[in-house]
Amino acid sequence: MVLTRVPRQFQRVIQRCFVKNNTVYHPFSSSYRFALCVSLVAAGKSHATQIGTRGYCSQTNDQKLNMAMATGSSVKYLGQTEAANLDQELFADYEYSVDQLMELAGLAVAHGVVHAFSSVKARRCLIIVGPGNNGGDGLVAARHLLLYGWTVEIHYPKRTNKPLYKSLVKQCEMSGIKFLDQFPDSKALDDNYDVVLDAIFGFSFKSAGGVRAPFDTILSTLEQTKCPIASVDIPSGWDVENGPNSPSAIQPDCLISLTAPKLCAKHFKGRIHILGGRFVPPAIQAKYDLQLPDYPDLSGIVEL
């Protein structure tokens, strides 16, 4: 089946499906089952018009779907300079404030954690907060995760006196979130947490300068832990464009890219890659040719 004529908004629906015995199987809700039927008809290769009772719809022409063709145009991966320029345009031209974008990003991160670790029962998360905007996203995510029923603790070893960050800390403290003075060892991470949220370094990180204290020892501990790691935008310590710079670099189970994935995400080999931040204006998307996927329903995150 050639799917190049399928409307872009349906391409992600088709690529999550497989065919067996003339039946298209897929993991979607009823609204997506309808979209799948529409997609197949739009491709001109099927007259699938009926939603099956077991979460599938019949496909009576071709025996196989060419999944490689289903992906259409791929999402763009941003380099470090391009990511910085895009961010600056949002601030300068669109007059977004830092705290406004941080709230949107942090909420998307919280949604990503809840989605990626939905099977976790205890829901215990340790968030490692870095000194910049990535750390701010982590502080926002902490507050939202708490409201979603998670037990959250924060390690924030290198604080800033900037009013925005002091306010974010205050909000977490007033919500009853515990701040740890000492970072746990790898065994304590394994025993006491279900997820470690890595919100240390973002796309401004310069890998050539290496990782400085205290984050060097923190990353060393994360390299040893068996506790799943979810990284915000960039796995900390990775080169923003070239990925891990050593065999021992952290390998997160989940990567939550923000705005658009960065080039280093091409080296991500974890379980689930999520894009968060459904706030990029259409003109910015077009200018940078982001080719972002369609977000499902009202969700602010989407799997890549």
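**Cysteines.** I looked up cysteine 264 first. At 0% relative accessibility, cysteine 264 counts as buried (under 20% relative accessible area, with exposed over 50%, partly exposed in between, a 1.4 Å probe and protein chains only). Cysteine 254 is buried too, with a relative accessible area of 0%. Then I searched for disulfides. A disulfide is a covalent bond between the sulfur atoms of two cysteines. I took the cut-off as sulfur atoms within 2.5 Å. The structure holds 0 disulfides.

**Ground rules.** This is a predicted model, in which local features need pLDDT of at least 70, side-chain atom pairs count only at pLDDT 80 or more, and totals for chains, interfaces and linings use all residues. Residues are numbered from 1 along each chain as its sequence is written, and side-chain values use heavy atoms, leaving out hydrogens and water.

**Glycine 276.** I found glycine 276 in strand E10, residues 272-276 (helices, H or I, of at least four residues and strands, E, of at least two are DSSP runs, numbered from the N terminus). Glycine 276 is buried, at a relative accessible area of 0%. I checked it against proline 261: they are 15 residues apart in sequence and 9.4 Å apart in space, C-alpha to C-alpha.

**Aromatic rings.** How many aromatic pairs does the structure hold? I got 2. Rings of Phe, Tyr and Trp (its six-membered ring) pair if their centres lie within 6.5 Å; planes under 30 degrees apart are stacked, over 60 edge-to-face, the rest tilted. The rings of phenylalanine 201 and phenylalanine 205 have centres 4.6 Å apart and planes at 15°, so this pair is stacked. Phenylalanine 201 and phenylalanine 215 have ring centres 5.4 Å apart and planes at 70°, so they are edge-to-face. Phenylalanine 201 lies in the loop between strand E7 (195-199) and helix H9 (215-224), and phenylalanine 215 in helix H9, so the pair ties together parts 14 residues apart in sequence. Phenylalanine 201 and phenylalanine 205 are both buried, and phenylalanine 215 is buried as well. Ring pairs link Phe201, Phe205 and Phe215 into a cluster.

**Largest pocket.** I noted a volume of about 640 Å³ for the largest pocket. I read a pocket as an open set of points on a 1 Å grid over the protein atoms alone, where a 1.4 Å probe fits, with protein on both sides within 12 Å along at least five of seven lines; lining residues have an atom within 4 Å of a point. Of its 32 lining residues, the closest to the centre are Asn133, Asn134, Gly202, Phe203 and Ser204. Helices H4 (80-92), H5 (98-116) and H6 (133-147) each supply at least two lining residues.

How values were computed:
Grid points are joined across faces, edges and corners, and a volume is the space filled by probe spheres set on the points.
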